[in-house]
Amino acid sequence: MPPRGVILMTRTLGHGGTERQLTEVALSLNRELFTPHIACVEGHGFRADELRANGVSILELPFSSFASLKCIAAIARLRQYLRRHKIGLVHTFDTTMNVFGVPAAKLAGVPVVLSSQRCFENVIWPPHRRPTRIAHRLADGVVVNCQALEQHLLRDYSLPGRKIHICRNGLDTSVFAPGPAARPRPDRLRDAGLVIGSVCVLRPEKDLATLLEAFALVRDVRPGLMLRIVGSGPVREALETRAMELGLKGVCHFYPASEDVASWLHTIDVFVLPSLSEAFSNSLMEAMACECCAIASNVGGNPELVRHGETGLLFEPGNSSDLADQLRAIALDDILRNRLARTGSEWVSTHLSREVAARRMEEIYLDHMGARAEGR
């Protein structure tokens with residue numbers, strides 16, 4: 001049997017966890033079974049370059065509003081592409097493409113159409129919340145990246161369990177892996193005895209203010225304790241102001257977002273993810289893979305990655321005192337910190353490689369395509 005054409009859809013192909021996961025799936029699918037294609041609104045960005053370099057075709061569907069002539073033209077263009085390439089399965093990866101791609105693919109008669117939910121509804125732009133629910137109802141299946149989202153869809157969307165499929169995020173374990181035994185330090189952190197840090201998009205729901213407040217409580221528990229925050233986003237200026245208010249000048253440093261995430265993670269000893277809302281965090285799994293000791297808020301999918309006392313430590317979301325207690329324990333106990341870092345890294349490399357994720361996604365695709373072929 002020749003490879004089956006599948007098309008994966010996302011809004012953009014630049015920075016972002018969803019874009020990375022779509023790229024990992026497209027590049028890791030078994031080419032004897034599937035021929036992957038990509039459809040997106042914006043076809044530029046470093047993920048687009050990576051996909052094209054590996055021979056993956058990209059269909060660009062430019063539109064800025066669902067209520068526009070460009071959107072109608074995009075639907076027509078998608079329909080033609082699906083027929084020309086005999087696409088047997090469409091899988092939308094983000095909210096925009098759930099709303100656009102699911103009904104468009106259904107109208108085009110694609111045999112199997114899958115949607116995705118990669119965050120909790122409170123993070124979805126309000127005008128897209130109801131259309132997302134409708135898209136999930138129309139789709140043949142919904143792919144989620146953690147058990148917490150599965151429960152969210154069962155409880156809050158009333159979707160049937162048979163329709164929901166878990167495929168955890170995967171990462172390139174040849175890139176995200178333990179670094180040098182002695183972690184490198186940039187000039188500003190050359191004298192640091194222990195570096196606590198976070199690498200993420202600086203958005204309100206990441207709640208990095210709680211990390212700043214917790215660090216202010218523990219900054220003197222051992223010599224050379226420093227904090228670094230790597231990322232860009234809408235709350236960066238407010239965070240820098242808050243750091244100054246807390247008297248953290250000289251011990252807290254901000255750096256802009258970078259494509260070379262692994263190199264930054266190799267300079268951090270303790271990685272903190274204080275999110276108020278989180279599904280299955282790419283930044284957390286990357287940090288764990290790089291053998292950072294992980295501390296995360298006890299929300300969403302974080303406990304599926306960080307098992308308290310085994311692969312990291314958890315704290316109550318928004319509670320700077322609780323986070324400070326976890327930081328203090330790690331800062332004062334090198335044996336505990338190193339054990340948690342090592343076991344966390346081993347667990348991620350074993351269970352969350354991109355190969356493991358791709359095989360799971362192939363199972364989901366084949367199950368749906370086989371069921372449709374059998375008329376079930």
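**Exercise 1.** Work out how H1 and H2 are oriented relative to each other.

*Solution.* Start with the angle: helix H1 (residues 17–28) and helix H2 (residues 46–53) pack at about 5 degrees, with their axes 10 Å apart. Axes here are lines fitted to C-alpha atoms, for helices over the stretch in contact, and angles run from 0 to 180 degrees between N-to-C directions. Next, apply the cut-offs: angles under 35 degrees count as roughly parallel, over 145 as roughly antiparallel, 65 to 115 as roughly perpendicular and the rest as oblique. H1 and H2 are therefore roughly parallel to each other.

Before going on, note that this is a predicted model, in which local features need pLDDT of at least 70 and side-chain atom pairs count only at pLDDT 80 or more, while totals for chains, interfaces and linings use all residues. Residues are numbered from 1 along each chain as its sequence is written, and side-chain values use heavy atoms, leaving out hydrogens and water. Helices (H or I, at least four residues) and strands (E, at least two) are DSSP runs, numbered from the N terminus.

**Exercise 2.** Find the edge strands of the open sheet of 7 strands.

*Solution.* First read the order, S3-S2-S1-S4-S5-S6-S7, with parallel pairing; two strands pair if DSSP finds at least two bridges between them. Strand S3 (57–60) and strand S7 (164–166) each have a single partner strand, so one side of each is left without a neighbour in the sheet. From one strand to the next, the twist averages 25 degrees.

**Exercise 3.** Check the length of helix H12 (residues 320–332).

*Solution.* The expected span is 1.5 Å times one less than the number of residues. For the 13 residues of H12 this should give 18 Å, which agrees with the end C-alpha atoms being 18 Å apart.

**Exercise 4.** Decide how enclosed S12 is.

*Solution.* Buried means under 20% relative accessible area, exposed over 50%, and partly exposed in between (1.4 Å probe, protein chains only). In S12, 5 of the 5 residues are buried, so this strand is largely enclosed by the rest of the structure. Then sort the side chains: Cys293, Ile295 and Ser297 point one way, and Ala294 and Ala296 the other. Finally, find the pairing: S11 and S12 are parallel over 4 bridges, with Val272 partnered by Ile295 in S12.
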